[in-house]
Amino acid sequence: MAVAGAIIVAALGGWMNDRFGRKLSILIADVLFFIGAIIMAAAPIPGIIILGRIFVGLGVGMASMTAPLYISEASPARIRGALVSMNGLLITGGQFLSYLINLAFTRTNGTWRWMLGVAGLPALVQFLLMLSLPESPRWLYRRDRKEEAEEILRKIYPAEELDNEIEALRQSVEEEIAIEGAIGEDGFFGKIKKALSNKVVRRGLAAGILCQVAQQFVGINSVMYYSPTIVQLAGFASNSTALALSLITSGLNAVGSIVSMFFVDRSGRRRLMLISLVGIIVCLGLLTGIFYAASTHSPLVSADETKFFGNATCPDFTVTSKWKCVDCLKAAAECGYCASTPNKLQPGACLVTTDFSKATCHANNREWYTQGCPSNFGWLALVALGLYIISYSPGMGTVPWIVNSEIYPLRFRGACGGMAAVSNWVSNLVVSQSFLSMTEALGTAATFLFFGCVSLVALVLIYFIVPETKGLQFEEVESMLEEKGYKAWKTKRPSLSPA
């Protein structure tokens, strides 16, 4: 429900950004998130928790598209990428911190209420701090509040760069106003129609939406949402072990965001994404091979071992069945695998999944598996998973938001940013909701192979469609997209026409 709420507000967020400004949109996002957290913490019934999740989703959707936009418009071009990457660091660092906080609250009364309610504190802190920050200077200039905009720009740019920045902004806004005067404006939907008829916007949207869709379809949020499950699929049966190891994956995601801050303004957006995708493809290939090997080498099911547990035997298993552990876990009757002891790779028992079966298995000092099977490949899978996250986070994790914050003309930036954010959240919903179904239908190895193939397609498309925007003023990005014979893979720094 949170993702559904994010999709809804991302669709409306473009209009709100253009109509009311970046600052007010962020403040509204903070209020929505805070209200959602309080509703969830105080919920008397599950239905109220769902309502709170919707409010949280509305806040997340608004903030996800507005925060990078605000940061980019209030940042000098030479460090814009690093500052937007810092936004990604704070998100991934917050995810890591939330794991630690939730772990601490597992030992308190009213555990889940504290876990959900404490999420409102960051929104409250940001709301209070945001009150002291200025509006986006570019949005102000576009609204004919030029003196306010210039005053803010004086605080951002050194004196030797200030005049050039103001002049470039003036030219851009005057050109936009002239175009709007020639074609007219018909409200928000009219603006979208005109945006799609504009060559510059179409090229920007193709790059922006491609980056956002690719960010999700390389499979990252499936990995983050279901990392405890994936750890179990790798052969680690303990829930506590799986949760602890998933904490490491969250930490690696945060570390990758730090790497992005240092390299995105040096290496460039485009290069960082391409390198990231190469690493992702290699790691997904490794995961495919590892999970395939684990499946084909999973331990056998022993009829004698199974009979030892009496009536707990899986209904689909017979003494003539030549099953492996993977066959047991795929049984229609929802069965689990009780590993042998002391060597868990020796033939074990296939039992119906009940609390009694699990307790009986543990009582005999055996491990109980319901997601994955005992394997010698478990730690290798975790290493590949960690490398996957390290490859993803500095490039595909942060750069798509940077690209979308700087590739659209000012007059269409809110609307286009909204469309790109919707594509991101819809892709997020599709991938996260289909991941477990795919692992059940195709197997874990085939699922990772699918994401690897999608990543390869994304690599080719990004190479040919997404231009480099490193170090360019917004006006220079627009000029680049407008050039005759434009080729994304051959872009060079354009020169602005004189006033």
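1. At 1% relative accessibility, F435 counts as buried, where buried means under 20% relative accessible area, exposed over 50% and partly exposed in between, computed with a 1.4 Å probe on protein chains only. F451, at 2% relative accessibility, is likewise buried.

2. The model is a predicted one, in which local features need pLDDT of at least 70 and side-chain atom pairs count only at pLDDT 80 or more, while totals for chains, interfaces and linings use all residues. Residues are numbered from 1 along each chain as its sequence is written, and side-chain values use heavy atoms, with hydrogens and water left out.

3. A search of the whole structure finds 8 aromatic pairs, a pair being two rings of Phe, Tyr or Trp (its six-membered ring) with centres within 6.5 Å, stacked if the planes are under 30 degrees apart, edge-to-face if over 60 and tilted for the rest. The rings of F435 and F451 have centres 6.4 Å apart and planes at 20°, so this pair is stacked. The pair links distant parts of the chain, with F435 in helix 21 (residues 413–442) and F451 in helix 22 (residues 444–465), 16 residues apart; helices are DSSP runs of H or I with at least four residues, numbered from the N terminus.

4. Ring pairs also link F435 and F451 with F291, F448 and F450 into a cluster.

5. For Y463 and F464, the ring centres lie 5.0 Å apart and the planes stand at 85°, so the pair is edge-to-face. Y463 is partly exposed, with a relative accessible area of 36%, and F464 is partly exposed at 44% relative accessibility.

6. The charged end of R270 sits over the ring of Y463, 4.8 Å from its centre, the criterion being NZ of Lys or CZ of Arg within 6 Å of the ring centre and within 35 degrees of the ring normal. R80 lies over the face of F474, at 4.5 Å from the ring centre.

Notes
Helices (H or I, at least four residues) and strands (E, at least two) are DSSP runs, numbered from the N terminus.
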